[in-house]
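Thanks for asking me to look this one over. Here are my notes, point by point.

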Amino acid sequence: MKVLVTGAAGFIGFHLTLALLEREDEIVGIDNLNNYYEPALKQLRLDEIAKHSKASNFEFMKADISDRAFMQKLFANHSFDIVVNLAAQAGVRHSLENP
């Protein structure tokens, strides 16, 4: 299956991506790698995915899902069987200040 995972560098997205790789799915992972949480931690997760024996089934794109033009192009260029939306801005305070 071809799966889009948004928030792929986050805790849940990272673990989901590893599980999907074990199933031999083809994964496109998106994350904007913002600095709300330590970007180095997110990069470490992506580095771990790159070490996976089936890493060739994973394509990472640094992007923000609020970029409508990017998302339209992404869906025009890929036929996803499943979309798992794990992208989120963590923390309530930030969302109140920047809705």
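1. The protein chain holds 4 helices and 4 strands, where helices (H or I, at least four residues) and strands (E, at least two) are DSSP runs numbered from the N terminus. Going along the sequence, the order is β-α-β-α-β-α-β-α.

2. Please keep in mind that this is a predicted model: local features need pLDDT of at least 70, side-chain atom pairs count only at pLDDT 80 or more, and totals for chains, interfaces and linings use all residues. Residues are numbered from 1 along each chain as its sequence is written, and side-chain values use heavy atoms, with hydrogens and water left out.

3. How does the overall size of the protein chain compare with a compact globule? For 99 residues such a globule would have a radius of gyration near 13 Å, and the protein chain agrees, with 13 Å. This radius is taken over C-alpha atoms, and the globule rule is 2.2 Å times the number of residues to the power 0.38. The C-alpha trace spans about 40 × 30 × 15 Å along its principal axes.

4. Among contacts in the protein chain with a separation of 6 or more, 70% join residues 24 or more positions apart; a contact means heavy atoms within 4.5 Å.

5. The ring rule gives 1 aromatic pair. F75 and F80 have ring centres 5.5 Å apart and planes at 75 degrees, so they are edge-to-face (centres within 6.5 Å; under 30 degrees stacked, over 60 edge-to-face, the rest tilted).

Technical notes
Rings of Phe, Tyr and Trp (its six-membered ring) pair if their centres lie within 6.5 Å; planes under 30 degrees apart count as stacked, over 60 as edge-to-face and the rest as tilted.
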